[in-house]
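Morning, everyone. I'll take you through one model, residue by residue and helix by helix. Here it is on the screen.

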Amino acid sequence: SYPSRLVLEMGVDRPGDFDHALAYIKPHITVVTAIGEVPVHVEFFADPEAIAREKSKLVKALYLDGTAILNADDPLVLGMKKKTEAKISTYGFGPEAKLRAVAYRLLVHQGIPAGIAFKIDYDGKTMPVKVPGVIGEQNVYVLLAAAAVGVAEGLNLVEISEGLGKFVSPPGRLHVIKGKNESIIIDDSYNASPLAVSAALHVLSELPAKRKIAVLGDMLELGKFTTEEHKKIGIEAAHAADMIVAVGLRAKFMETEQSRSFHWFKSSDEAGEFLK
């Protein structure tokens, strides 16, 4: 009763992390999602290019008749197509993508974000996708990557669209919660990297609301990029929100000249009491 397919997530923390897993796992399909200008877990790498070199091992390890599925909107990821002779599939919003998202829009119901809708453009065909309960362009990337795997496995766009419509965003990843005093909480607390926080702030900026509060914690494992990246996020947050509530020693660096209303706390408990 061994499964016909294994879906395996592999991450890197330090150089050489992939060598052990890839010594006994040879993938038929590899999906590389995003690296960004300053990736998560960059602390033990010299620069983002060093992380790209490590992650490209996933592409090099493919069977020759396998498929590398790459994020076309991330230059470091797209560059990995040179690392294999296997089939290349790309996804994203930009013109480089073979499987592309167009006409993206946020669905809002009675002032509450209710889902997303977009169209998949692939091989001369277009298919609408509607996903209730999920928000943010970054989730479109998640869905496009899954769609590209579906295409590689021989599914048609109708089957793929139906499957994507059932996607449920896990807790902590832009999860919408009805809060107290007519508030809406968007819980994106699962983890934090500059790319992920920037994407969440973009979602906040496009939402209709009387007042917007960004509650932001420390971004860890950034090494020498720590101070500068927290400052950058502070500037983005100042444009996306009316108030910033920052938690943690590193989050202090988020206070910038652009900050209109900035409040800093040592712990999330203190921040919670303030937010009440």
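**A histidine to start**

H230 lies in helix α7, residues 226-240. Helices here are DSSP runs of H or I with at least four residues, strands are E runs of at least two, and both are numbered from the N terminus.

Before I go on, the ground rules. This is a predicted model, where local features need pLDDT of at least 70, side-chain atom pairs count only at pLDDT 80 or more, and totals for chains, interfaces and linings use all residues. Residues are numbered from 1 along each chain as its sequence is written, and side-chain values use heavy atoms, with hydrogens and water left out.

Back to H230. Is H230 buried or exposed? Buried, with a relative accessible area of 0%. Buried means under 20% relative accessible area, exposed means over 50%, and partly exposed is in between, with a 1.4 Å probe and protein chains only. The side chain of H230 reaches the backbone nitrogen of M219 at 3.0 Å. That is a polar contact: a pair of N or O atoms within 3.5 Å, where within protein one must be able to donate a hydrogen and the other to accept it, and residues adjacent in sequence count only if both atoms are side-chain atoms. Leaving aside neighbours within four places in sequence, H230 is in contact with D218, M219, L222, R250, A251, F253 and M254. Contact means heavy atoms within 4.5 Å.

Now α2, residues 48-60. Its 13 residues should span 18 Å at 1.5 Å a residue, and the end C-alpha atoms are 18 Å apart, so the two agree. The expected span is 1.5 Å times one less than the number of residues. At the start of α2, a side-chain oxygen of D47 reaches to within 3.2 Å of the backbone nitrogen of E49. The buried set in α2 is P48, A50, I51, A52, E54, S56, L58 and V59. Those residues pack against α1 (17-22), β1 (29-32), β2 (67-71) and α3 (75-78).

Next, α4, residues 137-152. Buried in α4 are N139, V140, L143, L144, A145, A147, A148 and G150. After α4 comes G154, with a positive phi near 90 degrees.

Third, α6. P194, V197, A199, A200, L201, V203 and L204 are buried in α6. What do they pack against? α4, β9 and α7.

**The second largest pocket**

α6 comes up again here. The second largest pocket has a volume of about 2000 Å³. It is lined by 47 residues, and I184, I185, I186, I213 and V215 lie nearest its centre. Elements giving two or more residues to that lining are β5 (112-122), β8 (184-187), α6 (194-206), β9 (213-217), β10 (243-247) and α8 (268-275). The largest share, six residues, comes from α6.

On method: on a 1 Å grid over the protein atoms alone, a pocket is an open set of points with protein on both sides within 12 Å along at least five of seven lines, and lining residues have an atom within 4 Å of a point. The volume is the space filled by probe spheres set on the points.

**Two positive phi values**

Most residues other than glycine have a negative phi. L174 has a positive phi of about 50 degrees, and it is not a glycine. L174 is in the loop between α5 (157-164) and β7 (175-178). L174 is buried, at 3% relative accessible area.

N181 also has a positive phi, near 55 degrees. N181 sits in the loop between β7 and β8. At 70% relative accessibility, N181 counts as exposed.

T256 is in the loop between β10 and β11 (262-265). T256 is buried, with a relative accessible area of 17%. Its side chain makes a polar contact of 3.1 Å with the side chain of Q258. Not counting residues up to four places away in sequence, T256 touches K231, G234 and I235. T256 and A50 are 206 residues apart in sequence, and their C-alpha atoms are 30 Å apart.

Definitions and conventions
On a 1 Å grid over the protein atoms alone, a cavity is a set of points where a 1.4 Å probe fits but cannot get out, and a pocket is an open set with protein on both sides within 12 Å along at least five of seven lines; lining residues have an atom within 4 Å of a point.
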